[in-house]
Amino acid sequence: MESKWELVCGVDIGGTFTDSVLLSSDGRVVYGKALTSYNDGFVSGFFHSIEAAGEQLGLSLEEVFEKLSRISHGSTIATNIVAERNGSKVGLITTKGHEDTVIMMRGLGRVAGETPENILKVVEIPKPNPLVDRSLIKGVTERIDSNGDIVVALNEDEIRRSVQDLVSRGVEAIAISFLWSIKNPIHELRAREIIQEMFPNLFVTCGHEVTQKLGEYERTVAVVVNAYVGPTTSRYLEKLQKEIHSRRSGVSFFIMQCHGGMFPSIRSRQLPVLTIGSGPVGGVMGCVSIAEELGYKNIICTDMGGTTFDVGLIVDGQPLTSEQSIVDKFFYNVPNVQIKSIGAGGGSIAWVDPYSGGLRVGPQSAKANPGPACYGLGGEEPTVTDADLLLGYIDPNTVFGTGRGLRLNKELAEQAVSKLAASLGIITIEAAQGIVDVANAKMANLIESEVVGHGLDPREFVVVSYGGAGPVHAASYAKDLGINTVIIPGEVSSVWSAYGISISDIRYEAQQEVVLLSPFHSADLNTLFSELENNMKNIVYQEVGEEVAIEFKRYVKMRFNWQKHSLEVPLASQVLDKTIVDRMVEDYTNMYEERYGSASILPDTQLEIESIRSEAIVRVWKPKRKLEKSCG
């Protein structure tokens, strides 16, 4: 009698390929690739990649879905919407007198995310076009103070008039951002009720639901971005879920978040801003599993796909995170795993700078259509993949994309690179080597900037290289940085982000701004955390299931009183007593000294806790993979 076994699946949509991984309960790990399907909103590529992975197990797509218990998905939809500026028409309702907050930006807004040399040219850099037009921003009468008390009641008639006007102008989504809603959301909630009564199908999102962190500008940007990507992302996820359930109802469907955890798809449809940049985070979470399995504490996670080269850091076994994100120069407060990207993937196009005559690589990419010249799909521009093929780094008999793959054409690659060589006045093979050298140098520079920029030494790290093109180039950029160990996670390295997505746990986060001065009392902290976590429990039980076990991880953000810069300290135990509180203070002091030096410590200065944060984690079932087949 055939033994029963089940599968879990991870799917990651990249700029060129859509990757999927299937993990079986008997330890097998297989993967599939399909060209990313831009023409149908990524849907066919999603299922073709799963079908290609299923073929490695001898299963049809229908048979795969019969055995599937969970699908986890890293979606690029929201990221692409912002990058391509093709989101929904957004209206913003805010506190009267603060209509220009999102238009003015922060003082450094125009250079956010720019390179150091560009920052010096600040007057030459334009501010980005706002995601919401000024004429579509409505100020309404209301006011809540910093204690959460109602100072001015919400004018509901103004809400109705504003919404009616916005909808008449073709608005598809409405963002609501009132002052101090993080202290008392009653006005935002009532405004949403009114809008939903008037237009039940309109996408509406509130600032306090997106972020609980201080910062009026950052919170307003976050809610506007959420509204901007919301309708399209919601429709995409809803369509995918219907397609999944039409094949087999009951499969759990989760979406990767930028903070490194999963949400049920229903929550991701409400908060799609949290999916921006989530695909590369999957690779970092996969590297966390390597840290646990092989005992490495410091890892440089490098993902070279078809379009970009992404870098993340794991320090002392934990990924580096940030409370702030940047998208198209807009700062917004959303917790995320830090990922830095440059246009240096396998499909990055090589070109000659018309001013300097120098060779450049990226950021333009051939993407999936037409792709590198060697794909034979109509691409004529030389890419990194074409150069790798000519130099013998890629076997000419290689098939790109399991099951539905592409056979490479070396002659087409040579034709593309020879045109570039002619422009440079060199032979074709020299041009190919130049393309690879430039790409490798760009990647090494990004890694060095990230590691050294955090006050760390690259030589104390190991490199984990993955992505379709990563292992081909890893030895070069690791050598340039003095790193002696490079880990390639076997054949699954080409779909490593999908693998990391497939094993990521469900994670919710909640944060609260507080003001606590030392000496700290454990009873006060216990009360604050308990209130925060009880609210999260109710949400998790409602969205994931009442039977799930929840683990909580607690953090406090501290600083010396009257100082601006603060550091987040993980608490050593969920049960807080005097011993744990004393250790918290000691850990903060050690972190501060390590970051800023012992001379910066201020003796006898009071400490302040400015915020608390808790993570609610639901561990998902993970098949124990056979390491000898999936890690090398």
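Over which residues does pLDDT stay under 50? The structure is a predicted model, in which local features need pLDDT of at least 70 and side-chain atom pairs count only at pLDDT 80 or more, while totals for chains, interfaces and linings use all residues. Residues are numbered from 1 along each chain as its sequence is written, and side-chain values use heavy atoms, with hydrogens and water left out.

The stretch in question is residues 627-632. Here pLDDT, the predictor's confidence in each residue on a scale from 0 to 100, stays under 50. For these residues the model has 15 contacts beyond four places in sequence, a contact being heavy atoms within 4.5 Å. Where pLDDT is low, the predicted coordinates should not be read in detail. For the chain, the mean pLDDT is 89, and 95% of the residues reach 70 or more.

Rings of Phe, Tyr and Trp (its six-membered ring) pair if their centres lie within 6.5 Å; planes under 30 degrees apart count as stacked, over 60 as edge-to-face and the rest as tilted. Twelve aromatic pairs are present in the structure. One of them joins Phe47 and Phe65 in a tilted arrangement, with 6.1 Å from centre to centre and 35° between the planes. This pair links distant parts of the chain, as Phe47 belongs to helix 1 (residues 43-55) and Phe65 to helix 2 (residues 61-67), 18 residues apart. Helices (H or I, at least four residues) and strands (E, at least two) are DSSP runs, numbered from the N terminus. Phe47 and Phe65 are both buried, where buried means under 20% relative accessible area, exposed over 50% and partly exposed in between (1.4 Å probe, protein chains only).

Trp496 and Tyr499 form a stacked pair, 4.8 Å centre to centre with 25° between the planes. Both residues lie in helix 16 (residues 496-502), three residues apart, about one turn of the helix. An α-helix has 3.6 residues a turn, so residues three or four places apart point the same way. Trp496 and Tyr499 are also both buried. Elsewhere, ring pairs connect Phe560, Tyr588, Tyr592 and Tyr596 into a cluster.

Charged groups meet rings too. Arg247 lies over the face of Phe47, 4.3 Å from the ring centre, and the charged end of Arg613 sits over the ring of Tyr555, 4.2 Å from its centre. The criterion is NZ of Lys or CZ of Arg within 6 Å of the ring centre and within 35 degrees of the ring normal.

Helix 14 (residues 428-453) has 26 residues, which at 1.5 Å a residue should span 38 Å, and its end C-alpha atoms are 37 Å apart, which agrees. The expected span is 1.5 Å times one less than the number of residues. Within helix 14 are Asn440 and Ala444. Asn440 is buried, with a relative accessible area of 6%, and Ala444 is buried with a value of 6%. Leaving aside residues up to four places away in sequence, Asn440 touches His473, Ser476 and Tyr477, whereas Ala444 contacts Tyr477, Asp480 and Leu481. Just after helix 14, Gly455 takes a positive phi of about 75°.
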